[in-house]
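Welcome! Please keep the view open as you read.

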There are 2 protein chains.
Amino acid sequence: MLRITEIFGPTIQGEGAVIGAPTVFVRAGGCDYRCSWCDSLHAVDTEHRHTWAKMDSADVFAEVERLSGGTPLTVSLSGGNPAIQDFSDVIALGKSKGYDFALETQGSIAREWFSELAPLILSPKPPSSGHVVDWDKFDACVKAAGEAETVLKIVIFDDTDYAWAKDAAARYPQLPLYIQPGNHTPPSADEDDAAVDMDGIMDRYEWLIDKTLADKWYSPKILPQLHVLIWGNKRGV
Amino acid sequence: MLRITEIFGPTIQGEGAVIGAPTVFVRAGGCDYRCSWCDSLHAVDTEHRHTWAKMDSADVFAEVERLSGGTPLTVSLSGGNPAIQDFSDVIALGKSKGYDFALETQGSIAREWFSELAPLILSPKPPSSGHVVDWDKFDACVKAAGEAETVLKIVIFDDTDYAWAKDAAARYPQLPLYIQPGNHTPPSADEDDAAVDMDGIMDRYEWLIDKTLADKWYSPKILPQLHVLIWGNKRGV
């Protein structure tokens with residue numbers, strides 16, 4: 001059985017490699033990290049474990065199929081860390097019906113079925129998260145993906161994160177790179193539509209653009225979180 | 001000699017296939033169209049022709065190189081319609097130094113050197129523009145690109161444009177597709193920082209997302225114009 005925090009959509013993917021793409025989100029419950037600025041605490045905080053549904057793979061895909069009206073699209077496997085659980089059956093079921101699967105993870109747990117993803121989005125967490133990346137485990141994730149499209153996405157909150165992101169990206173020059181400012185006003189685990197500092201979010205996006213360009217670091221795409229710009233911290237959109 | 005309206009950057013590409021990518025813009029002067037809602041009239045309106053610089057290809061690339069500090073990036077050839085003029089020497093010069101070139105055009109004039117682009121962005125204009133697409137000429141552009149990455153980008157202002165965009169996209173199922181709402185408050189040719197209706201722009205973006213998803217049209221990526229969200233109608237950013 002899979003622990004699922006929420007399944008919602010269709011909406012658009014708000015960030016990273018498939019920004020703007022129609023998608024249904026499957027948010028897995030549980031995480032081996034607890035980032036200081038986590039924007040999905042309701043899928044991480046074990047106090048909220050009782051709100052997560054237990055579903056088998058067929059039930060999960062049936063809900064995706066219902067929400068998408070049976071028309072294939074790219075499903076976004078998110079969390080929490082979806083790599084904690086085994087999504088191979090959900091992916092196999094969906095692919096047999098023409099659906100694609102993107103998955104985002106911090107890269108702490110490698111899975112053989114990463115090779116079935118399109119794309120695998122590896123998001124190593126910068127110093128501001130409070131975590132330290134285990135690069136051996138991260139490398140294992142890159143290796144597990146094999147020929148599957150794999151991209152890097154790094155959230156940046158401050159100058160220290162920026163410098164760290166440049167070093168982290170330099171380890172994987174072959175991977176397309178996306179950087180984005182973090183939401184410094186994330187919702188608590190209990191809030192469905194928490195206030196967001198939109199001016200501050202735009203200021204931080206402009207700060208990241210200016211800093212990156214002044215530094216002549218031209219390899220990353222510098223993107224905002226579109227869903228935050230449209231819907232703030234509202235959940236389920 | 002090339003007629004150039006402006007060369008500016010580095011900034012980010014605000015829309016379409018390379019959204020978020022650091023870029024220097026080369027905005028060519030002159031256009032065979034005059035869309036009702038054109039947001040770059042200073043590069044289109046022949047009354048402003050006296051403000052366009054005459055530059056040879058070496059001068060154009062030298063300015064790109066100066067602005068980018070000599071570090072290669074993707075150059076965005078824009079306009080007006082940049083396909084009116086011959087950018088093959090600028091492209092050859094830049095590619096010899098590691099630069100890539102993206103070009104956006106309405107697809108009314110095919111050029112052999114489209115095959116050198118990465119990517120060629122074809123943006124057929126919907127009914128609200130006041131123009132009617134000549135699909136034979138458009139097909140010639142797709143053919144000229146050959147193996148070069150080619151994408152479709154369609155601006156949508158209303159329900160009529162939306163229906164038209166679906167038909168237009170259906171002609172090219174093999175091309176990646178990007179749709180975006182138009183800026184209904186474009187600047188006049190004389191304004192460097194005209195007022196913009198930001199609330200209306202966000203409302204139109206949400207309208208396009210809702211309409212496309214409700215229609216189960218999942219193939220396009222639905223994107224805003226990031227530069228408008230950040231800088232409004234300010235020119236040269």
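## The sheet of chain A

A:Ile4 stands opposite A:Ala53, a residue of β3(A). Strand β1 of chain A, residues 2–12, pairs with β3(A) in the antiparallel sense, over three bridges. Helices and strands here are DSSP runs, H or I of at least four residues for helices and E of at least two for strands, numbered from the N terminus. Two strands pair if DSSP finds at least two bridges between them. As background, strands of a sheet pair through backbone hydrogen bonds, either parallel or antiparallel.

This is a predicted model, in which local features need pLDDT of at least 70 and side-chain atom pairs count only at pLDDT 80 or more, while totals for chains, interfaces and linings use all residues. Residues are numbered from 1 along each chain as its sequence is written, chains are lettered from A and ligands numbered from 1 in the order in which they are written, and side-chain values use heavy atoms, with hydrogens and water left out.

Now follow the whole sheet of chain A: its nine strands run in the order β3-β1-β2-β4-β5-β6-β7-β8-β10, and the sheet is open with mixed pairing. At its edges are β3 (53–55) and β10 (221–222) of chain A, each of which pairs on one side only.

## Helices on the sheet of chain A

Helix α2 of chain A (residues 88–96) lies across β1, β4 (74–78) and β5 (100–105) of chain A, and runs at about 150 degrees to β5(A). Such angles are taken between N-to-C directions and run from 0 to 180 degrees, with axes as lines fitted to C-alpha atoms, for helices over the stretch in contact. Helix α3 of chain A (residues 135–145) also packs on the sheet, where it touches β6 (120–122) and β7 (150–156) of chain A, and its direction makes about 165 degrees with that of β6(A). Contact means heavy atoms within 4.5 Å.

## The sheet of chain B

Chain B has an open sheet of nine strands too, in the order β3-β1-β2-β4-β5-β6-β7-β8-β10 and with mixed pairing. One side of β3 (53–55) and of β10 of chain B is left without a neighbour in the sheet, because each stands at an edge with a single partner strand. Strands β6 (residues 120–122) and β7 (residues 150–156) of chain B pair in the parallel sense over three bridges. There, B:Ile121 has B:Val151 in β7(B) as its bridge partner.

Helix α1 of chain B (residues 57–67) packs on this sheet and touches β1, β2 (22–28), β3, β4 (74–78) and β5 (100–105) of chain B; its direction makes about 15 degrees with that of β1(B).

## Where the two chains meet

How many residues of chain B are in contact with chain A? The contact joins 32 residues of chain B to 32 residues of chain A. The two chains bury about 2500 Å² between them, 72% of it on carbon and sulfur atoms. Buried area is the accessible area (1.4 Å probe) that two parts lose on being put together, summed over both.

On the side of chain B that touches chain A, β1 (2–12), α5 (198–214), β10 (221–222) and α6 (226–231) of chain B each supply at least two residues. The most comes from α5(B), with five residues. This side divides into 24 nonpolar, five polar and three charged residues. The count of salt bridges between chain B and chain A is zero.

## Salt bridges within the chains

Over all chains, the search finds 18 salt bridges, a term for a side-chain nitrogen of Lys or Arg within 4 Å of a carboxyl oxygen of Asp or Glu. One of them joins B:Glu63 and B:Arg66, with the closest N and O atoms 2.9 Å apart. Both residues lie in helix α1 of chain B, three residues apart, about one turn of the helix.

## Some backbone details

Most residues other than glycine have a negative phi, and most peptide bonds are trans. A cis peptide bond joins A:Gly9 and A:Pro10, with omega about -5 degrees, and A:Pro10 is in strand β1 of chain A. A:Lys216 is not a glycine, yet has a positive phi of about 55 degrees; A:Lys216 lies in the loop between α5 (198–214) and β10 of chain A.

Technical notes:
Ala, Val, Leu, Ile, Met, Phe, Trp, Tyr, Cys and Pro count as nonpolar, Asp, Glu, Lys and Arg as charged, and the others, Gly among them, as polar.
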